[in-house]
Amino acid sequence: MQELKISVEEESFVALTRLCENKRAYKEGDYVYKAVLNSLVAPLGVRLGNALLSMFVRFGDLGNAWNVFGRMSERDLFSWNVLVGGYAKAGFFDEALCLYHRMLWDCIRPDMYTFPCVLRSCGGAHDFVRGREIHGHVIRFGFETDVSAVNALITMYVKCGHVGSARLLFDKMPHRDIISWNAMISGYFENGECIEGLNLFFSMLELSIDPDLMTMTSVISACELLGEDKLGRQIHGYAMKTENGNDVSVCASLIQMYSSLGYWKEAEKVFSGMESGDVVSWTAMISGYEDNLLHEKALETYKTMELEGIMPDEITIACVLSACACLGQLDMGVKLHEIADRTGLISYVIVANSLIDMYSKCKCIDKALEVFHGIPDKNVISWTSIIVGLRINNQSFEALTFFQQMKIKLRPNSVTLISVLSACARIGALMCGKEIHAYALKTGVASEGFLPNAILDMYVRCGRMVSALNQFKLQNKDVGTWNILLSGIHQQVQLGELAAQHIFKEDTGSFGYYILLCNLYADSGKWDEVAKVRRIMKEEGLIVDPGCSWVEVKGKVHAFLSDDNFHAQIKDINVVLDGFYKKMETAGFNDHSSVDEFETSRNDIFCGHSERLAIAFGLINTAPGTPILVTKNLHMCQSCHRSIEFISKLVRREISVRDTEQFHHFRDGICSCGGESC
């Protein structure tokens, strides 16, 4: 018609606009709008203007919606409601509230559709004062008994933290729908009053009101927050008797609840019982495995999800990247990076932060820096992740530089400060550590979480025992606190024994305290006492965690336990290691000896030496010159450190070992840590 220059009537444009909106055809709708502007000289009429407004708001294009609104010759209540609702839904709460007040100024009387949008804006902005004002408008215009308006008021009050006011409204309602109950129950949960929320849920059941999906998911989440596994199982049983029992969202909530409470096998049963899962339920299962430190299962589940043809979202990618970081699976991490780039998920900061963590823990700090610099809006986690990455890759000075840059733009949290204090302790940067201690005191976070222990550790490692003791006196004591303090007491056996006696009065079953005592005796050269403590540990049934190391070869992760004699290639591995030991003896090394001998170093006692098996396996099964990356669950001992230095020089390969504290990059017989951390 346009090509033939036939004029189009306004009603035809209205019909076309509504068709584009119903078909979600944004491109065609924008074309219709341009045609309207080219065809009509006069301002837009109410019918056509409202149709265009509704379409653009539905598409989330508030720019064109505002343009249409400004071109309308006159506006009715629908026009105002649509635009106010559009701004509220998009999170532009101040704009929505300003538009509402302008509507009142134009003498437009609000209706039952106006107040839910306006109150949503007050709740979203946590603006209690304006919310109370709108409450007055609800009463003035006669909507105090309208269910949808009162539901919106309840939601507004709980979002602003005024649960009591919300409950007063709820109790006064002559008629309630399921939304009323959900708003009040979830409001209690959101404000940490889970018991009150559960009591209201049980009252709802007593009144024979059937809960819907939102009710069930909220209640299951509350059981998770309270740690009430027994009640959670009862809710699970109730859900199975209703039509909601097999719903994907309910199952996902159950998986999340069981996983967070440590019952991952129960979560598996729920997951396997689902007829068909969506990305949320798959992600819940992957996250559940990850929370329970079952990293291999998390990766296996993700691979199965891929085979099922389900596309991951940003949460899925972040969870799987976390598993890759823990296992040192660089190849899988790179593949996930490619998927994130291809699907646009890299734009989510949670994905970028997870990539920084993964690359850092897989010794690719340059790639981690590349991802970090590519984040347009870095948050505290972004900065903390790169600072930690630099720290574990032995670039503590660079970590401190990034921290100084971060302070210009963002306020560090306690986790950031712990990371920076660790870097200070590593390089002995006492003055910088003192500045951070002062900053923590000034900002009121000095007692948060593990920060007191980090401050103590910094003073101990910098050799300032007087400051360390002062800090020690001020903070609550736990195993970590005693460990840090006693690690700085060299040959002060009486003080250490006094501390041990005090501890063992209250707790004789904690493995960590025996390690502290062993460390102290080992520092003092009292090996008979070390042997005595180890004998006591054996009698008490306290067993050292078995050393375990992982190495990735040809895309597959292989695990080795200390004294592992069951691996298919164990004979070949032992032959290779024996060959290295003989060459070390010839070269004058005397501390490589068999792991069955009693070793005097405190780290040797708690090492396990499993990394030697993993390295030998990697050498056997990879081409000459291929770098080898090993991840270990314990601290590396001096003997293993010296052995790997020798091996890296002999085979002319780069060997990297990530233990519980940091990365060790061995090349040509030299480690990146300089031998200081063992």
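Below is a working chat about cores, aromatic pairs and a sheet in a predicted model.

Q: What should I know about the model and its numbering before we start?
A: This is a predicted model, in which local features need pLDDT of at least 70 and side-chain atom pairs count only at pLDDT 80 or more, while totals for chains, interfaces and linings use all residues. Residues are numbered from 1 along each chain as its sequence is written, and side-chain values use heavy atoms, with hydrogens and water left out.

Q: Which residues touch the most other members of the largest nonpolar core?
A: They are Ile154, Met184 and Ile386, in a core of 159 residues. A nonpolar core here is a set of buried Ala, Val, Leu, Ile, Met, Phe, Trp, Tyr and Cys residues joined through side-chain atoms within 4.5 Å, where buried means under 20% relative accessible area, exposed over 50% and partly exposed in between, with a 1.4 Å probe and protein chains only.

Q: And what is Ile386 in contact with, leaving aside its neighbours within four places in sequence?
A: Ile386 is in contact (heavy atoms within 4.5 Å) with Ile356, Ile365, Ala368, Leu369, Phe372 and Phe402. A second, separate core has 28 residues, including Val553 and Phe666.

Q: Switching to aromatics, how many pairs are there?
A: The structure holds 17 aromatic pairs, counting rings of Phe, Tyr and Trp (its six-membered ring) whose centres lie within 6.5 Å, with planes under 30 degrees apart called stacked, over 60 edge-to-face and the rest tilted. Trp66 and Phe69 form a stacked one, at 5.7 Å centre to centre and 20° between the planes.

Q: Are those two buried or partly exposed?
A: Trp66 counts as partly exposed because its relative accessibility is 39%, whereas Phe69 is buried, with a relative accessible area of 1%. Phe115 and Phe141 form a tilted pair, 6.4 Å centre to centre with 40° between the planes, and this pair links distant parts of the chain, 26 residues apart.

Q: Which cluster do Phe115 and Phe141 belong to?
A: Together with Tyr100 and Phe143, they form one aromatic cluster.

Q: Now the sheet: what is the strand order?
A: It is an open sheet of 6 strands in the order 2-1-3-4-5-6, with mixed pairing; strands are DSSP runs of E, at least two residues, helices are runs of H or I, at least four, and both are numbered from the N terminus. Two strands pair if DSSP finds at least two bridges between them.

Q: How many bridges join strand 1 to strand 2?
A: There are 6, and the two strands run antiparallel; among the partners, Ser549 is bridged to Phe560 in strand 2.
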